[in-house]
Amino acid sequence: MRLILLGPPGAGKGTQAKILVEAYGISQLSTGDILRAAIAARTPIGLEAKVVMDRGDLVSDIVVNGVVLERLDAEDCKTGFILDGFPRTIAQAEALDRMLIDKGMKLDAVIEIRANDDELVRRVIQRAQESGGARADDNEEVLRKRLVVYSEQAAPLVAYYAERGLLRAVDGMAPVDEVAAVIKAAIDQ
Ligand code: AMP
């Protein structure tokens, strides 16, 4: 099973990825996690990526594509994988297509977890108020910016995979178990 997971911050992407990893015995491949591990290990890629990530910009396609290519060859990806945080650009999606063709692999589905921006913000504010932590309006401003960035990045990718008949959009605002069931049904359809 080879999947891509798309979804805005706070929509439960990580939770659903874990459920899919268990259900299909596949590996989660998160480029953000791999890059953070490279930074912690002070590898040349990590040192290069750190400056860019600290600025909040995207790491170059060459670096990220290289990281993914290396992981696709790893033993734990033989049964399949779920890509999380990659691709983020059309150039990355095209590079992924080429990698998969080279390896004789095919994507099974691209899952887009859809969420209502106002509801996501409401949940974060509620959580902030309950924990008595940071000011809720600070959180709201940051989250709204991340949601705009996400939708700008995701829109072309959603179109790219819809054109290829791979896109499965699911409503991420339902309870976790229900979302998981809908995702599995969409994959198995
Ligand atoms: P994430 O954990 O997915 O939010 O990623 C954290 C940071 O890692 C991003 O802000 C980017 O700087 C970098 N990153 C992760 N995945 C990618 C990607 N596919 N393309 C470019 N940069 C990425």
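Me: What stands opposite serine 27 in β3?
Reply: Phenylalanine 81 does. This is a predicted model, by the way.

Me: How many bridges join β2 to β3, and which way do they run?
Reply: Strand β2, residues 27-30, is joined to β3 by four bridges, and the two run parallel.

Me: And how do β1 and β3 pair?
Reply: In the parallel sense, over four bridges. Leucine 5 stands opposite aspartate 84 there, in β3.

Me: Now the largest nonpolar core. How many residues does it have?
Reply: It has 32 residues. Those with the most contacts inside it include Phe81, Leu83 and Leu96.

Me: Which elements supply at least two residues each?
Reply: β1, α3, α4, β3, α5 and α7. The largest share, six residues, comes from α7.

Me: What does leucine 96 touch?
Reply: Not counting residues up to four places away in sequence, leucine 96 touches Ile4, Leu72, Leu83, Phe86, Pro87 and Tyr161.

Me: New topic: lysine 13. Buried or exposed?
Reply: Lysine 13 counts as buried because its relative accessibility is 18%, and the cut-off is under 20%.

Me: Where is lysine 13 found, and what is it in contact with?
Reply: Lysine 13 is in helix α1, residues 13-24. Leaving aside neighbours within four places in sequence, its contacts are Leu5, Leu6, Gly7, Asp84, Gly85 and Ile113.

Terms used:
Residues numbered from 1 in each chain as written. Predicted model: local features only at pLDDT ≥ 70, side-chain atom pairs only at ≥ 80, totals over all residues. Heavy atoms only, no water. Core = buried A, V, L, I, M, F, W, Y, C linked by side-chain atoms within 4.5 Å. Buried < 20%, exposed > 50% of the residue type's maximum accessible area, 1.4 Å probe, protein only. Contact = heavy atoms within 4.5 Å. Pairing = 2+ DSSP bridges.
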